[in-house]
Amino acid sequence: MWLVFACGSALLAGVTSILAKCGIRKTDAAVATAIRTIVVLAFSWLMVFVAGAQNQIGLIGGKTLLFLILSGLATGASWLCYFKALQLGDINKVVPIDKSGTVLTILLAFIFLQEEISPSKAAGVVLIAVGTFFMIEKKDTGPKQEKGRSWLFYAAGSAVFASLTSILGKVGISGVESNLGTAIRTGVVLVMAWVMVFVTGKQHTIREISKKELGFIFLSGLATGGSWLCYYRALQDGQASVVVPVDKLSILVTIAFSYFVFHERLSKKSALGLAAIITGTLVMLIL
């Protein structure tokens, strides 16, 4: 069943990207993320009560709670590092480093969770890494002054924290019902998201959000909540080194919707990269 939940996570994550893009045409991305996290938190706790897991709150051990909090902090830290890196550096250099998080997650799962890396899994890692590199399109972002090399530190931090999120999350939910674990972790992310809004001084833009974009932000929050619930349910039973790549196949959903909604087409290089990512994921699942 973990594979079903992993595929569900990928589907909902892909829909989230499209809904989120529709919701930030004029709305600041950081503010939209913070608002979306409120919806995710409400949805997560609703699922906790639907599953009847609220009675387990008092049974959560100190170690489990610690790892859930650390996972939430890692997610928030990843977002903070990513936006800071984009602020200081060129997007063509920041994004490739941030995308390396998937491969790093697989390596961390091998080191800390002792998940086996077979020859087929190693080949899948290489294909995913190459495919991700090909998927990165160089775009003319205009002149941007880079303040030293500090952007590199933040970009690397974004990738590392994103990877730690999956590893810490898997350890954290090993001793708690997955819906409850997701809800607790989301509460931490909510705090981090709003800290980011106030740190960047964007709180005054909240009242300027249109009802239409607020609706898309709300729907993207529901999709995010569903994706996270599926994702951590998959992590609870499956290997992180396999669940994470399957979840990243959300790019298929995003590309399909982007074609029909925004009329965006893939270049030959991006199509080749996408094929490599799919092949790498299938190799890890089948062989």
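1. Arg-185 counts as buried, because its relative accessibility is 3% and the cut-off for buried is under 20%. This holds for a predicted model, as does everything below.

2. Where does Arg-185 sit in the chain? Its place is in helix H8, which covers residues 178-199. Setting aside neighbours within four places in sequence, Arg-185 is in contact with Leu-68, Ser-71, Gly-72, Thr-75, Thr-165, Trp-228 and Tyr-232.

3. The overall make-up is simple to state: the protein has twelve helices and zero strands. Read along the sequence, the pattern is α-α-α-α-α-α-α-α-α-α-α-α.

4. What share of the 287 residues is buried? Buried residues make up 47% of them; Arg-185, at 3% relative accessibility, counts as buried too. The accessible surface of the protein comes to about 14200 Å². Carbon and sulfur atoms hold 68% of that surface.

5. Contacts can also be sorted by separation along the sequence. Taking the contacts in the protein with a separation of 6 or more, 91% are between residues 24 or more positions apart.

6. Two packed helices are described by the angle between their axes and the distance between the axes.

7. The pair H1 and H9 comes from separate parts of the sequence: helix H1 is residues 2-23 and helix H9 is residues 211-237. They pack at an angle of about 160 degrees, with their axes 7 Å apart. H1 is therefore roughly antiparallel to H9, since angles over 145 degrees count as such. The crossing of H1 and H9 is left-handed. By class, their contact has 15 nonpolar, eight polar and three charged residues.

8. In the second pair, helix H5 (residues 101-112) packs against helix H7 (residues 150-172). The angle is about 50 degrees and the axes are 8 Å apart, so H5 is oblique to H7. The crossing of H5 and H7 is right-handed.

9. Which residues of H5 and H7 make the contact? On the H5 side they are Gly-101, Leu-104, Thr-105, Leu-108, Ala-109 and Phe-112. On the H7 side they are Ala-159, Val-160, Ser-163, Leu-164, Ser-166 and Ile-167. By class, the residues of the contact of H5 with H7 are eight nonpolar, four polar and no charged.

Terms used. Residues are numbered from 1 along each chain as its sequence is written. This is a predicted model: local features need pLDDT of at least 70, side-chain atom pairs count only at pLDDT 80 or more; totals for chains, interfaces and linings use all residues. Side-chain values use heavy atoms; hydrogens and water are left out. Helices (H or I, at least four residues) and strands (E, at least two) are DSSP runs, numbered from the N terminus. Buried means under 20% relative accessible area, exposed over 50%, partly exposed in between (1.4 Å probe, protein chains only). Contact means heavy atoms within 4.5 Å. Axes are lines fitted to C-alpha atoms, for helices over the stretch in contact, and angles run from 0 to 180 degrees between N-to-C directions. Angles under 35 degrees count as roughly parallel, over 145 as roughly antiparallel, 65 to 115 as roughly perpendicular and the rest as oblique. A crossing is left-handed if the near helix is turned anticlockwise from the far one by less than a right angle, and right-handed if clockwise. Ala, Val, Leu, Ile, Met, Phe, Trp, Tyr, Cys and Pro count as nonpolar, Asp, Glu, Lys and Arg as charged, and the others, Gly among them, as polar. Accessible areas come from the Shrake-Rupley method with a 1.4 Å probe; for residues, only the protein chains shown count as cover.
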